[in-house]
2 protein chains.
Amino acid sequence: MRKKEKITIHDIALEVGVTASTVSRALNNHPRISATTKKMVLDAAKAINYKPNRIAAALRHGKSKLIGIIVPTINRNFFSSIVRGIEEHANALDYKVMISQSYDDYKKEVATIEALLDARVDGIMVSLGKNTHNFDHFESVLQKGIPLVFFDRTTDKLNVNQVIINDYLSAYQATSHLIEQGYRHIAHFTSHMKIRIYQERLRGYEQALLDNGINFDPRLVVESNMQLDGGQMSTHRLLDNNLGFDAIFSASDYAIVGALQELKRINVKIPQEVGLVGFSNEPFTAFTEPTLSTVDQKAIDMGQSAAALFFEMVNADQRNKPKVKKVLDANLIVRASSKRLQ
Amino acid sequence: MRKKEKITIHDIALEVGVTASTVSRALNNHPRISATTKKMVLDAAKAINYKPNRIAAALRHGKSKLIGIIVPTINRNFFSSIVRGIEEHANALDYKVMISQSYDDYKKEVATIEALLDARVDGIMVSLGKNTHNFDHFESVLQKGIPLVFFDRTTDKLNVNQVIINDYLSAYQATSHLIEQGYRHIAHFTSHMKIRIYQERLRGYEQALLDNGINFDPRLVVESNMQLDGGQMSTHRLLDNNLGFDAIFSASDYAIVGALQELKRINVKIPQEVGLVGFSNEPFTAFTEPTLSTVDQKAIDMGQSAAALFFEMVNADQRNKPKVKKVLDANLIVRASSKRLQ
DNA sequence: CCAGCAAATGCAATCGATTGCGCTAATATA
DNA sequence: TATATTAGCGCAATCGATTGCATTTGCTGG
């Protein structure tokens with residue numbers, strides 16, 4: 001079984017009796033090629049099983065039809081769903097997607113940007129790492145005129161297109177929900193205050209308290225890494241300081257599970273004694289006992305929006321176009337952990 | 001701020017006063033280039049911030065330095081961790097990774113293979129979709145001589161390199177563990193019997209029963225989609241048929257959570273009355289109440305092994321090399337749901 | 001002093017597709 | 001009928017890096 005020769009447009013040209021130029025134009029549906037020739041070319045292409053070499057095309061017109069995506073970790077339902085949304089939109093337009101993970105490591109994020117530029121991607125979509133507070137590595141992307149879209153973990157220090165959810169409003173609604181359920185001493189689990197989403201969620205939390213005549217007590221706001229153990233530690237801090245909280249609104253589902261575990265360990269009744277609301281709608285929030293209320297971020301929508309924004313940038317004339325910030329609404333999902341009325 | 005001209009080896013050549021050929025060879029550390037010239041070229045390259053155009057290189061020597069990965073869904077800790085393992089290994093060798101999801105859809109899997117071939121990837125690594133029982137789409141990959149590695153969800157109908165865990169042994173150990181804990185009527189949740197991993201896990205389950213003098217009762221083996229609802233339905237089937245089971249070994253973590261929920265709903269005590277063991281060590285198994293015993297598949301190891309296998313194929317002379325099947329050992333993680341002794 | 005050889009580099013083709021420009025022939029316009 | 005258009009296609013350069021085959025230079029040995 002000998003190796004099949006690679007078949008190129010020249011083979012089609014030979015077959016049809018025209019030149020490669022004509023074949024190329026025919027394949028690209030160029031208006032200056034007659035319908036009959038086009039048909040012959042298309043038929044011949046199919047007949048000899050021609051596959052265009054995207055690499056050659058990419059070299060010629062500088063488009064790789066590749067989009068680079070960087071997320072902190074793909075290993076989260078939220079991020080993998082966003083990627084899914086992007087992929088769906090991109091594949092429909094004949095683009096492929098390259099995924100990289102920064103693991104919340106600043107250096108890796110920088111290196112990944114480099115790698116994507118090396119790979120000559122046509123655009124980059126990023127959700128920032130937790131430790132990224134310097135944005136120089138994106139400047140070179142912008143300078144090269146490569147479309148750049150941020151989603152979810154974004155920054156305002158850079159003038160770029162971004163897609164986010166209304167973190168402020170979601171937090172406001174989640175907190176209001178707890179208040180409606182009769183909780184009054186609501187704690188808040190959060191993370192690095194340099195990160196926009198945590199700032200916003202805190203802001204929504206505060207405003208909801210304010211609007212309902214509840215005093216904001218900074219001691220009830222606890223920072224951690226937002227992982228399971230972070231949630232556990234934060235819970236202990238609240239307990240140890242004897243702050244008498246009766247609910248927790250956490251900016252992360254992982255942290256709220258940590259709280260749930262610790263509270264159950266000391267026989268605190270959920271939701272009767274303490275109400276819990278998380279953030280992200282990770283699948284496991286439906287698996288816990290009791291099930292956890294949380295905020296669904298409509299990840300797939302976000303991915304599709306981000307992709308849509310990207311393709312707008314690709315098609316439109318980009319010079320001096322003002323950058324847009326697309327804000328999606330999230331969805332509070334009320335489950336057992338915060339429902340104590342009725 | 002005008003657009004920076006693209007800088008190529010010709011710019012370096014001009015700078016140094018040699019030709020592009022020499023520059024190319026110098027950059028690639030060709031032995032016929034003098035050390036001094038090499039140094040000058042390297043210095044100049046750095047000075048003018050030269051970035052090689054991988055697309056051009058790819059076109060010339062037919063290597064894209066891209067690896068395509070296809071998984072059913074990235075949205076599972078197991079798969080995303082495998083991808084992480086592959087990525088780590090690949091990036092270290094200056095390869096990039098393109099991830100695609102088949103969503104367990106046969107047609108999408110076929111289309112994705114096409115797309116990856118179109119993108120001229122240098123190799124493909126696949127975990128098969130649940131509904132893939134025809135493998136013609138891989139034949140064209142093999143014919144083109146493109147390295148192909150299967151992992152986890154593999155098939156023996158194709159002569160390819162593969163990386164799997166010892167599903168048989170893991171199931172044997174999990175079942176044996178339940179028996180040691182005093183359970184005697186152990187049910188098994190499984191899925192499509194066309195899929196290797198489920199065959200193997202069933203086999204291990206059976207053999208463990210046999211070796212411990214327990215009768216194998218086919219009515220205790222329940223097939224489902226292995227999702228949460230599948231686990232719930234399977235549990236009801238067991239209950240409705242009044243089969244008097246006292247443990248479940250599930251080939252999926254999702255299904256075992258479904259069982260856990262249903263059993264708790266009717267006040268069955270876990271692990272006192274019924275013991276549970278899942279498979280995959282999804283993160284949420286540590287979040288449930290009680291925590292779930294499960295089998296850890298060492299996903300990152302698997303990814304790295306798969307990548308290692310791939311690079312062996314790339315480097316070695318591939319003709320007629322016998323295909324290898326790399327079998328990794330998994331790890332039984334005993335948590336509360338199956339620990340009733342002591 | 002010159003053939004002989006090796007080291008170092010240049011020349012030019014090549015990978016496959018794209019595209020500006022030009023050419024031919026057919027059709028339209030005057 | 002002569003000129004102006006236009007449709008349809010070919011020529012050849014191009015994208016940037018690579019590489020087989022020269023070519024040049026320098027050195028060794030006879």
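Which polar side-chain atom lies 3.0 Å from a base oxygen of DNA strand C? In this predicted model, the atom belongs to Arg60(B), and the pair qualifies as a polar contact, defined as two N or O atoms within 3.5 Å, where within protein one must be able to donate a hydrogen and the other to accept it, and residues adjacent in sequence count only if both atoms are side-chain atoms. The elements that give two or more residues to the surface near DNA strand C are α2 (20-27) and α4 (54-61) of chain A, together with α2 (20-27) and α4 (54-61) of chain B; helices (H or I, at least four residues) and strands (E, at least two) are DSSP runs numbered from the N terminus.

Because the model is predicted, local features need pLDDT of at least 70 and side-chain atom pairs count only at pLDDT 80 or more, whereas totals for chains, interfaces and linings use all residues. Residues are numbered from 1 along each chain as its sequence is written, chains are lettered from A and ligands numbered from 1 in the order in which they are written, and side-chain values use heavy atoms, with hydrogens and water left out.

DNA strand C is surrounded by 26 residues, the closest being Ile9(A), Tyr50(A), Arg60(A), Thr22(B) and Thr37(B), where a residue is near the strand if one of its heavy atoms lies within 4 Å of it. The largest share of this surface, 4 residues, comes from α4(A). By class, the surface has 8 nonpolar, 12 polar and 6 charged residues, with Ala, Val, Leu, Ile, Met, Phe, Trp, Tyr, Cys and Pro counted as nonpolar, Asp, Glu, Lys and Arg as charged, and the others, Gly among them, as polar. Of the atoms of DNA strand C within 4 Å of the protein, 55% belong to sugar or phosphate, and the rest belong to bases.

Chain B can be laid on chain A with an RMSD of 0.1 Å by a turn of 180° and a shift of 0.0 Å along the axis, which is the relation of a two-fold axis; the superposition is by least squares on the C-alpha atoms of residues with pLDDT of at least 70 in both copies. Since 100% of the interface residues of chain B are also interface residues in chain A, the copies meet through the same surface.

Over all chains, 22 aromatic pairs are found, a pair being rings of Phe, Tyr and Trp (its six-membered ring) with centres within 6.5 Å, stacked if the planes are under 30 degrees apart, edge-to-face if over 60 and tilted otherwise. Tyr168(A) and Tyr172(A) form a tilted pair, 6.2 Å centre to centre with 35° between the planes, and both lie in helix α8 (residues 167-180) of chain A, 4 residues apart, about one turn of the helix. Tyr168(A) is partly exposed at 22% relative accessibility (buried means under 20% relative accessible area, exposed over 50%, partly exposed in between, with a 1.4 Å probe and protein chains only). Phe310(A) and Phe311(A) form an edge-to-face pair, 4.9 Å centre to centre with 75° between the planes.

Key:
Contact = heavy atoms within 4.5 Å.
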